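Dear colleague,

Here is the structure I promised to pass on to you. My notes on what I found in it follow below, and I would be glad if you read them alongside the coordinates.

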Amino acid sequence: MVEQFHLAFRTRGRGTTPILDEVNRALSGASLRVGLAHVFVRHTSASLLINENADPRVHRDLETVLSRFAPDGDPAYTHDDEGDDDMAAHARTMLTGPGLSVPFADGRLLLGTWQGLYLYEHRTSPHRRSVVLTLIGDTAPMNDG
Amino acid sequence: MVEQFHLAFRTRGRGTTPILDEVNRALSGASLRVGLAHVFVRHTSASLLINENADPRVHRDLETVLSRFAPDGDPAYTHDDEGDDDMAAHARTMLTGPGLSVPFADGRLLLGTWQGLYLYEHRTSPHRRSVVLTLIGDTAPMNDG
Amino acid sequence: MVEQFHLAFRTRGRGTTPILDEVNRALSGASLRVGLAHVFVRHTSASLLINENADPRVHRDLETVLSRFAPDGDPAYTHDDEGDDDMAAHARTMLTGPGLSVPFADGRLLLGTWQGLYLYEHRTSPHRRSVVLTLIGDTAPMNDG
């Protein structure tokens, strides 16, 4: 069975926005108890990330690595209509990806202790980002009873 | 429920081949109406990409970024049996990944306005690439009726 | 329907550990015959990889590429509490990702001939890594009979 939710987030410009609480809220209101939660961002300059949830310096350093991978305003870019951060944002999205799945059981995501779930804004200015959460699974585990 | 389709694409060598029309065609012939569409490429030197569908210069610039990430013929590579683009293609596939999922509802993929779906060929010569499309979902939304 | 398995692997430090045999073993004991197998690693310094299964030099060269992407002990990192390989491991995990899905049919994963499935340890020392395998699908293909 499937349950689908449309979520929206306001980002504050480049960087990570935690979205786990919103996803957990949707999951707790769903009737599915075991399965996969798929999160999908409907944009080409923002992506999803599962990574360290404790030390904010990790996210700062991920920024360092990403900005080397695809520098803003690189003179080699030919697509620059929307500013220096435009093409960099597309490349960063290619690297991190628009969707990911997390298993759940007993109505709870099976994330590890240190895993947080983030929407990653790659443009420098704030944006409104549209996210689709799709739950696929069963209302009770198959092997129950 | 599950519906599975085997698709094949001829690439023209390195670069992106749009595959959204083929996926939409399979989806429109399927009985599932809501769920997840998973696309999987059965090769280690081609991958899948969701990114900008309007300006072809974006894809050219993604090439620039990828070729810096994993240059052809890098003297540091030890695996070079099949030519200069061989190991680079494996590394580019690691970065972009062999599979991705897109949510659908009412029989339509929930891609954003600017999101296209592409098979990314990483070898320089044309190849035939085998792709599996798996639809998981329901024939009607759970909350209907 | 859903079937879920908790697996654990001991890694030998940085590098790839094949996990396909374990996943196949779980799949062969499952009652689902067609669908998606989703593998998820519950850590922020290890990830999953589908890539070349024949020549071990490919994995060595992927290491070369990854260590350029995120060098150990980079002076630009601000998160270094657990040693030189700590932040590098988080960045490598961002690039390769904590989860992936593989389609299956007739109870067998539909991997290509050259595709292997690996747990990728990004820390230099051995670790115990927890992995969740979630199967979503049907006990028989929808179009059967």
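In this predicted model, helix α3(A) passes helix α2(B) in a right-handed crossing. The helices concerned are α3 (residues 84–96) of chain A and α2 (residues 56–69) of chain B, which pack at an angle of about 65 degrees with their axes 10 Å apart. Since angles of 65 to 115 degrees count as roughly perpendicular, α3(A) is therefore roughly perpendicular to α2(B). On the side of α3(A), the contact is made by Met87(A), His90(A), Ala91(A) and Met94(A), while α2(B) brings Val58(B), Asp61(B), Leu62(B) and Val65(B). By class, the residues of this contact are six nonpolar, one polar and one charged.

Turning to chains A and C, their contact takes 33 residues from chain A and 29 residues from chain C. Several elements of chain A each supply at least two residues to the side that touches chain C, among them β3 (34–41), β4 (46–52) and β8 (128–138), but α2(A) gives the most, with eight residues. That side of chain A has 18 nonpolar, nine polar and six charged residues.

With best wishes

Note on methods:
Residues are numbered from 1 along each chain as its sequence is written. Chains are lettered from A and ligands numbered from 1 in the order in which they are written. This is a predicted model: local features need pLDDT of at least 70, side-chain atom pairs count only at pLDDT 80 or more; totals for chains, interfaces and linings use all residues. Axes are lines fitted to C-alpha atoms, for helices over the stretch in contact, and angles run from 0 to 180 degrees between N-to-C directions. Helices (H or I, at least four residues) and strands (E, at least two) are DSSP runs, numbered from the N terminus. Angles under 35 degrees count as roughly parallel, over 145 as roughly antiparallel, 65 to 115 as roughly perpendicular and the rest as oblique. A crossing is left-handed if the near helix is turned anticlockwise from the far one by less than a right angle, and right-handed if clockwise. Two residues are in contact if their C-beta atoms, placed from the backbone, lie within 7 Å. Ala, Val, Leu, Ile, Met, Phe, Trp, Tyr, Cys and Pro count as nonpolar, Asp, Glu, Lys and Arg as charged, and the others, Gly among them, as polar.
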